[in-house]
Amino acid sequence: MMSPSQPRRIAFFGSPAWAVPVLEALHDHHQVVLVVAQPDKPAGRGLLLTPPPVAQRARQLGLPVAQPQKLRNNAEFVEQIKALNLDAAVTAAYGKILPAELLEVPRYGFLNLHPSDLPKYRGPAPVQWTLINGDPETAVCIMQTDPGMDTGPVVARWRTKVEPDEDAVQLANRLRDRGTQLLLEVLRNLEHLTPEPQPPQGTHAPMLKKEDGRVRWADAAQAIYDRHRGVQPWPGSWFEHEGKRVKVISLRPWEGRGSAAAGAVLEVAPDSLIVAAGEGAVALLEVQPEGKRPMRAADWARGYGVKVGTHLA
């Protein structure tokens with residue numbers, strides 16, 4: 001039997017920048033024999049084919065990289081994985097469902113780092129929906145991957161309170177960093193894991209759409225703020241004024257009182273724009289009109305003829 005302190009032979013499956021620190025930690029403590037990332041995609045104004053950040057970092061570390069177009073019915077790729085004699089494979093935001101014939105290859109299967117309190121928020125946007133729904137707590141889990149979407153048994157879990165002003169980027173990074181520590185503990189103890197099966201029913205966390213960023217003025221002020229935190233950095237918060245989209249860079253619930261229809265401007269203050277919500281009000285601090293630079297919301301209001309009583313859509 002392998003000594004718990006001996007480095008494991010691992011393949012890492014990940015794609016975005018968020019997963020790069022996980023790869024680096026695995027590289028520091030174990031033998032990463034292959035890194036698998038999504039295929040190159042057009043990016044930037046020139047739409048040049050660009051490798052995902054995980055693939056770029058893996059090459060900088062001198063690690064072999066594979067970027068298969070598909071995993072299902074890809075016998076050649078399965079044979080490539082079999083030839084690696086893996087102890088385990090690790091996934092973190094890879095972006096594809098893994099087929100059963102691949103999951104069976106590593107000696108101890110696939111481990112997935114998932115930033116939610118499973119079975120809550122299975123799917124591609126768990127942190128975003130945790131914040132949008134105003135959850136006071138969340139978790140990061142290390143899960144044994146099965147053919148479903150985040151339905152495999154959990155082998156390690158760390159719960160935490162959601163900080164009141166954390167946005168999706170900050171919370172996702174905090175969960176990733178703690179999850180990476182959990183993952184290293186799990187890899188040290190592969191022979192002694194006690195998997196906790198998930199119940200079949202869970203909450204789905206679908207990919208965000210542009211419309212998810214629209215400010216819902218009819219919501220309570222806290223719900224508007226929670227959504228704003230959850231849709232960072234994409235699609236971001238936005239509303240419309242005179243048919244033009246205005247991006248909200250920063251806002252917060254307003255402590256004062258006001259009575260008006262949801263979306264109506266209550267006050268153009270020196271440093272903010274106060275807008276009525278379905279319950280309470282919010283202070284817009286910084287906005288960005290279409291084709292313009294970010295500016296103070298109060299300056300935008302004065303420049304665009306927004307007054308008390310103006311209704312924002």
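This text walks through a predicted model, from the whole chain to single residues. Local features need pLDDT of at least 70, side-chain atom pairs count only at pLDDT 80 or more, and totals for chains, interfaces and linings use all residues. Residues are numbered from 1 along each chain as its sequence is written, and side-chain values use heavy atoms, with hydrogens and water left out.

Start with the whole chain. The chain holds 8 helices and 15 strands; these are DSSP runs numbered from the N terminus, helices being H or I of at least four residues and strands E of at least two. The C-alpha trace spans about 70 × 45 × 30 Å along its principal axes. Of the 313 residues, 47% count as buried (under 20% relative accessible area; exposed is over 50%, partly exposed in between; 1.4 Å probe, protein chains only). Among contacts (heavy atoms within 4.5 Å) with a separation of 6 or more, 65% join residues 24 or more positions apart.

Now turn to a helix pair. Two packed helices are described by the angle between their axes and the distance between the axes. Helix α1 (residues 20-29) packs on helix α2 (residues 53-60) at about 30°, with the axes 9 Å apart. That angle makes α1 roughly parallel to α2 (under 35 degrees). Axes here are lines fitted to C-alpha atoms, for helices over the stretch in contact, and angles run from 0 to 180 degrees between N-to-C directions. From α1, Val-20, Leu-23 and Glu-24 meet Pro-53, Val-54, Arg-57 and Ala-58 of α2.

What are the buried residues of α1? They are Val-20, Val-22, Leu-23, Ala-25 and Leu-26. Their packing partners include β1 (9-14), β2 (31-36), α2 and α6 (168-188).

Next comes a loop residue. Asp-135 lies between α5 (126-132) and β8 (137-144). Asp-135 counts as buried because its relative accessibility is 14%. Its side chain makes a polar contact of 2.9 Å with that of Tyr-121 (N or O atoms within 3.5 Å, where within protein one must be able to donate a hydrogen and the other to accept it, and residues adjacent in sequence count only if both atoms are side-chain atoms).

Finally, look at the backbone. Most residues other than glycine have a negative phi, and most peptide bonds are trans. Leu-47 has a positive phi near 50° and counts as exposed at 57% relative accessibility. A cis peptide bond joins Gln-232 and Pro-233, with omega about -5°. The bond from Trp-234 to Pro-235 is cis, with omega near 5°.

Key: Parallel < 35°, antiparallel > 145°, perpendicular 65-115°, else oblique.
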